[in-house]
Amino acid sequence: MKERWCHEIDLITSEFKQSFGSLSVEQLNWKPNPNSWSIGQNIDHLIVINNSYQPVIAAIRDKNNKLPFVSKFNFLVNFMGQAVLKAVQPDRKKKTKTFPIWEPSISDITSNIMDRFEKQQLDLKILIKSSLDLLDKGTIISSPANKNIVYKLETAFDIIIVHERRHLEQSKEILKLLKN
């Protein structure tokens with residue numbers, strides 16, 4: 001599993017760099033309309049979300065992770081994990097609103113966004129590699145956005161990867177509009 005996730009992260013990072021690495025700050029911040037995100041905001045959103053898992057895993061390591069009662073029921077844990085995974089699929093037929101803590105942190109993205117993204121992707125791979133013991137135990141976590149949404153750590157890494165693909169596709173759609 002670890003190898004598959006890390007390989008996907010490398011592919012996604014490479015595709016982001018290839019597709020958007022040469023864009024100007026103006027292009028990174030361009031929005032097709034006021035209610036949508038720019039390419040830069042999509043990238044920033046991924047950085048914000050992926051970083052939000054660090055304290056969750058740190059709390060598990062510190063034995064400071066208090067899970068809600070629903071985490072005791074495997075069918076609920078599996079159901080919630082699969083529901084979130086389905087909601088973040090790249091096909092994007094249904095638009096979903098993110099939790100406030102996962103909104104892009106800024107609206108004027110600076111030129112270093114790709115460097116920040118690439119560093120965060122390396123940090124994510126380190127997090128995955130350092131979590132093998134937790135994965136082997138079938139560790140359950142709460143979503144960083146809502147303590148009552150619980151899923152297995154393995155599912156969390158699947159969600160992260162699929163979610164990155166979703167925003168890669170969204171950003172490619174924005175780029176097409178930008179170039180027209």
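How many residues has helix α1, and how far does α1 reach from its first C-alpha to its last?

## Helix α1

Helix α1 (residues 2–20) has 19 residues and reaches 27 Å between those two atoms, close to the 27 Å expected at 1.5 Å a residue. The expected span of a helix is 1.5 Å times one less than its number of residues. Helices here are DSSP runs (H or I, at least four residues), numbered from the N terminus.

Seven names make up the buried set of α1: W5, C6, I9, I12, T13, F16 and F20. They cover an arc of only 125° around the axis, which puts them on the same side of α1; the arc is that of the directions from the helix axis to the C-beta atoms. E3 and Q18, on the other side of α1, are exposed. Buried means under 20% relative accessible area, exposed over 50%, and partly exposed in between (1.4 Å probe, protein chains only). The buried residues of α1 pack against α2 (25–29), α3, α5 (113–129), α6 (132–136) and α7.

## Basis of the model

The model is predicted: local features need pLDDT of at least 70 and side-chain atom pairs count only at pLDDT 80 or more, while totals for chains, interfaces and linings use all residues. Residues are numbered from 1 along each chain as its sequence is written, and side-chain values use heavy atoms, with hydrogens and water left out.

## Lysine 125

K125 is found in helix α5 and is buried, with a relative accessible area of 14%. Leaving aside neighbours within four places in sequence, K125 is in contact (heavy atoms within 4.5 Å) with C6, I9 and D10. Of these, C6 and I9 are also among the buried residues of α1.

Helix α3 (residues 39–61) packs with helix α7 (residues 153–179) at an angle of about 170°, their axes being 9 Å apart. That makes α3 roughly antiparallel to α7, a term for angles over 145 degrees. The axes are lines fitted to C-alpha atoms over the stretch in contact, and angles run from 0 to 180 degrees between N-to-C directions.

## After α3

Just after α3, K63 takes a positive phi of about 60°. K72 lies in the loop between α3 and α4 (74–87) and counts as exposed, at 62% relative accessibility. The C-alpha atoms of K72 and I140 are separated by 9.5 Å, although the two are 68 residues apart along the chain.

Notes: Angles under 35 degrees count as roughly parallel, over 145 as roughly antiparallel, 65 to 115 as roughly perpendicular and the rest as oblique.
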